[in-house]
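Here is a short tour of one protein chain.

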Amino acid sequence: MRKAVPSVITKIKARQILDSRGIPTVEVDLFTHKGMFRASVPSGDPSGMYEALELRDGDKGTYLGNSVNRAVKNINERISEALVGMDPILQSQIDQAMIDLDKTEKKGELGANAILAVSIAACKAGAAEKEVPLYKHIADLAGKTNLTLPVPAFTVISGGKHAGNNLAIQDIMILPIGASSFGEALQMGSETYHHLKAVIAEKYGAHGCNVGEDGVTFGSIREGLDLVKEAINRTGYNEKIKIAIDVAATDFCKGEEFLPPNKYPIVSIEDPFDKEDWEHTKSTARVTLQVVGDDLLMSNPKRIERAILDSTCNALLLKINQIGTVTEAIEVVKLANDVPWGVVISHRSGETEDSFIADLSVGLASGQIKAGAPCRGERLAKYNQLLHIEEELGDHAIYAGEDYRQCL
């Protein structure tokens with residue numbers, strides 16, 4: 001018999017596509033002897049100086065300055081030349097080769113969007129080379145043995161900069177922690193979402209229900225929470241569904257504490273203070289709620305280390321495009337696990353149909369995933385992939401449920 005020839009990267013081809021907001025982003029096809037592996041990167045509203053940099057062309061006459069042709073060119077020429085011939089299983093070496101080629105702290109030379117697209121595509125190729133599912137390959141890379149289906153944080157009401165309404169906070173989410181499986185959690189989320197639509201229509205008319213970048217939008221904080229509570233009541237899942245809120249305080253306050261009314265079953269708060277308000281944020285060390293750092297941390301290892309030292313939050317929101325490679329994403333999750341913190345794998349406002357973060361959440365046993373409302377294709381791609389994974393794992397499928405903060 002002929003000896004099997006190990007696969008290597010033979011070709012990398014990138015292009016510009018549009019994300020869920022109609023804004024350009026990067027897509028990559030990476031080829032090995034096993035086939036072609038495609039990845040596309042999400043895009044968010046940049047939060048500041050601490051995250052990896054998307055490279056955009058800046059030509060206002062083309063896509064209002066948002067085109068990514070320079071990032072695409074960097075992949076097709078410089079990154080491709082550096083990576084062709086490498087073993088796709090060696091994820092850390094591939095990622096390090098791109099970091100070394102870029103030579104900047106925030107990946108501004110090649111573009112974090114260029115680097116991440118290739119990193120994800122290589123991860124998919126590595127899984128194929130090992131002939132294992134993507135989530136299993138990620139678990140191997142991270143040294144994880146406990147594959148866990150995450151609790152989904154479904155966005156049911158959007159506000160702030162993603163919605164164009166008067167709701168100060170950014171999101172109200174529901175967490176079906178009392179479900180017995182991911183499939184049941186998805187059912188709970190969908191049913192609650194549709195009951196909420198009916199509740200809003202009854203109270204404010206059909207025009208009271210709009211769709212933002214992630215889901216339904218609405219007006220005031222207390223009204224929104226009341227509506228969500230009523231929708232949960234109508235489903236009959238009262239004790240099984242909890243509420244999470246993304247305050248996104250950076251967008252509307254500095255030095256002010258946001259405390260939600262305690263009559264609501266709120267278990268998680270994201271960014272209750274401005275991203276530079278380290279002093280007020282220290283008070284979160286004394287609360288039993290999950291306090292998630294998003295703008296505070298920006299998936300930046302230095303800021304995560306500071307937050308751990310100062311006890312300024314107790315959970316990490318991981319947005320992989322803020323850090324730029326699969327390897328670095330794994331490393332910051334390890335930082336969080338060592339504390340131990342909760343970990344929420346998160347989508348972005350500008351999403352694609354790529355379902356990579358679903359496999360990432362299972363492989364890293366994050367326990368939580370934030371992928372938007374249970375509607376719209378780019379959001380459902382992640383949730384449906386988790387259904388596929390649960391089916392594939394069969395009797396070995398474990399849903400995080402009540403242990404969503406301790407899946408280590």
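Buried means under 20% relative accessible area, exposed means over 50%, and partly exposed lies in between (1.4 Å probe, protein chains only). Helices (H or I, at least four residues) and strands (E, at least two) are DSSP runs, numbered from the N terminus. The model is predicted: local features need pLDDT of at least 70, side-chain atom pairs count only at pLDDT 80 or more, and totals for chains, interfaces and linings use all residues. Residues are numbered from 1 along each chain as its sequence is written, and side-chain values use heavy atoms, with hydrogens and water left out.

**The whole chain**

The protein chain holds 12 helices and 13 strands. Of its 408 residues, 58% are buried. Contact means heavy atoms within 4.5 Å. Take the contacts between residues at least 6 apart in sequence: 68% of them join residues at least 24 apart.

R78 sits in helix α1 (residues 69-83). R78 is partly exposed, at 31% relative accessible area. Which residues does R78 touch, leaving aside its neighbours within four places in sequence? They are K73, L101, E109 and L110. R78 and L110 are 32 residues apart in sequence, and 8.5 Å separates their C-alpha atoms.

Helix α6 spans residues 221-235, 15 residues in total. From first C-alpha to last, α6 reaches 22 Å, close to the expected 21 Å. That expected span is 1.5 Å times one less than the number of residues. Buried in α6 are G224, L225, L227, V228, A231, I232 and T235. Seen down the axis of α6, these residues fall within an arc of 160 degrees, so they line one face of the helix. The arc is that of the directions from the helix axis to the C-beta atoms. The cover over the buried residues of α6 includes β4 (151-158), β5 (171-175), α5 (182-204), β8 (242-246) and β9 (266-270). Just after α6, G236 has a positive phi of about 85 degrees.

In α8, R303, I304 and A307 are buried. Down the axis of α8, its buried residues keep within an arc of 105 degrees, so they too line one face of the helix. K302 and L309, on the other side of α8, are exposed.

**Empty space**

Rolling a probe the size of a water molecule over the atoms shows where empty space is left. On a 1 Å grid over the protein atoms alone, a cavity is a set of points where a 1.4 Å probe fits but cannot get out; a pocket is an open set with protein on both sides within 12 Å along at least five of seven lines; lining residues have an atom within 4 Å of a point. Grid points are joined across faces, edges and corners, and a volume is the space filled by probe spheres set on the points. There are 6 cavities of 30 Å³ or more.

| Space | Volume | Residues closest to the centre |
|---|---|---|
| Second largest cavity | about 110 Å³ | A153, M173, A244, S268 and V344 |
| Largest pocket | about 350 Å³ | Y50, E105, N300, P301 and E328 |

Ala, Val, Leu, Ile, Met, Phe, Trp, Tyr, Cys and Pro count as nonpolar, Asp, Glu, Lys and Arg as charged, and the others, Gly among them, as polar. The lining of the second largest cavity has 10 nonpolar, 3 polar and 2 charged residues. β9 gives the most to this lining, with 3 residues. The lining of the largest pocket has 6 nonpolar, 3 polar and 8 charged residues. Elements that give two or more residues to the lining of the largest pocket are α8 (301-310), α9 (320-323) and α10 (326-338).
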